[in-house]
Amino acid sequence: MNAWLIGAAVVFVVLAATTAVLTRDPARQAVVLAVLGLGLAVMFAVLQAPDVALSQLAVGTALTPLLILLTVRKVTHRPTRESGGEHDRSRKRDQR
Amino acid sequence: MSTRARLVMFLLAAAVVAAFFSAACAHLPPFATPDHPYGERAVAAALERRTANVVSAVNFDIRAFDTLGEESILFGTVLGATLLLRRARDERHRRPVAERVMPTTRLFATLLLPVTLAVGVYTVAHGQLSPGGGFQGGVVLATALHLAYVAADYRALQKVRPLVVLDVADSLAAASYTLVGLAGLITGGAFLQNVLPLGTFNTITSGGTVPVLNATVGVEVACGLICLLAHFLDQAVEFTGPDQYEKTGDR
């Protein structure tokens, strides 16, 4: 049973990591990274490393995506004359 | 270098690494066996120092010097981010405005803020007893405070976040880790030696210097991460570059 859990967690992590690499938009990538962090936390937990799982959950799922999103917002929030549409889209993202 | 040459170089390097990696993995002990030589020794050493959480015993007692390095890395990171993200000469400070929050979001964050703070303090305080510790609890504490931003707006977050105090607390906590180590050097003969009375096994004061070092790391991580996030948030919310003066008031 435990071997199945470990296998499922590893497969999930591999899929999530591949998706994170293939995602090009940084804002979407942050969300995928959060999911990957959750998968890694589950994997560490089923491998009986709860301390590492807690660190992973706090840093990988909350902190890193937050820092990426803040950076994306700072960088894309700059309105220029020709990219008003881009500006609008970034503003919609911020309002979630 | 052309794409083709780069690909050939990558394939060569990958083949070499793969060969050595496979050879090294063949000598590893089998996966998930009940006996583990290092684990047995670590558990014995942790029980001898009356620390219930073996991982904390490894982090703050057996390998306390490694943790000093990790803690210094975080301190350096916060210092570097502070330096890089300070307000540039052509950036203008914009006063954050009051923002409307959905009532359900406000309720959710207001209820969760005290709960998360309590979880963070618990995780730090029980680091020597149960999974968790200074680092994990510190990150929980730092992110918990930002629920104030979710519940209200940036001005509310600024009220619950005295940055000057947190900056000083961060430095003091980082320094006190070394000071505890020096205390071990003076009274016990070795840097970071566990010199305090060990106490009763599985109580909150057990483990000698483990809970002390754990607490300093907890304070340092919590304060450091709040400062780090503060600089990122300031950049995203408060500062505006030279080319966006006229668009600033429209949010």
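## Chain A at a glance

Chain A is built from 4 helices and 0 strands, and this is a predicted model. Walk along the sequence and you get the pattern α-α-α-α.

Out of 96 residues in chain A, 34% count as buried. Take the contacts in chain A with a separation of 6 or more: residues 24 or more positions apart account for 44% of them.

## Helix α1 of chain A

Helix α1 of chain A runs over residues 2-22, which makes 21 residues. From its first C-alpha to its last it reaches 30 Å, close to the 30 Å expected at 1.5 Å a residue.

Its buried residues are A:Ile6, A:Ala9, A:Val13, A:Ala16 and A:Ala20. Why do they sit on the same side of α1(A)? Because they cover an arc of only 100° around the axis. What they pack against is α2 (26-46) of chain A. Turn to the face pointing away from that buried side, and you'll find the exposed residues A:Ala3, A:Trp4, A:Leu15 and A:Leu22.

## Two helices crossing in chain B

Over in chain B, have a look at helix α6 (residues 134-145) and helix α10 (residues 210-238). Their axes come within 7 Å and cross at roughly 35°, and the crossing is right-handed.

Which residues make the contact? From α6(B), they include B:Phe135, B:Val139, B:Leu141 and B:Leu145, along with B:Gly134 and B:Gly138. From α10(B), among them are B:Val217, B:Val221, B:Leu225 and B:Ile226, plus B:Asn214 and B:Gly218. Sort the residues of this contact by type and you get 10 nonpolar, 4 polar and no charged.

Notes:
Residues numbered from 1 in each chain as written. Chains lettered and ligands numbered in written order. Predicted model: local features only at pLDDT ≥ 70, side-chain atom pairs only at ≥ 80, totals over all residues. Heavy atoms only, no water. Expected span 1.5 Å × (residues − 1). Buried < 20%, exposed > 50% of the residue type's maximum accessible area, 1.4 Å probe, protein only. Arc of directions from axis to C-beta. Contact = heavy atoms within 4.5 Å. Axes fitted to C-alpha atoms, helices over the stretch in contact; angles between N-to-C directions. Left-handed = near helix turned anticlockwise from the far one by under 90°. Nonpolar A, V, L, I, M, F, W, Y, C, P; charged D, E, K, R; others polar.
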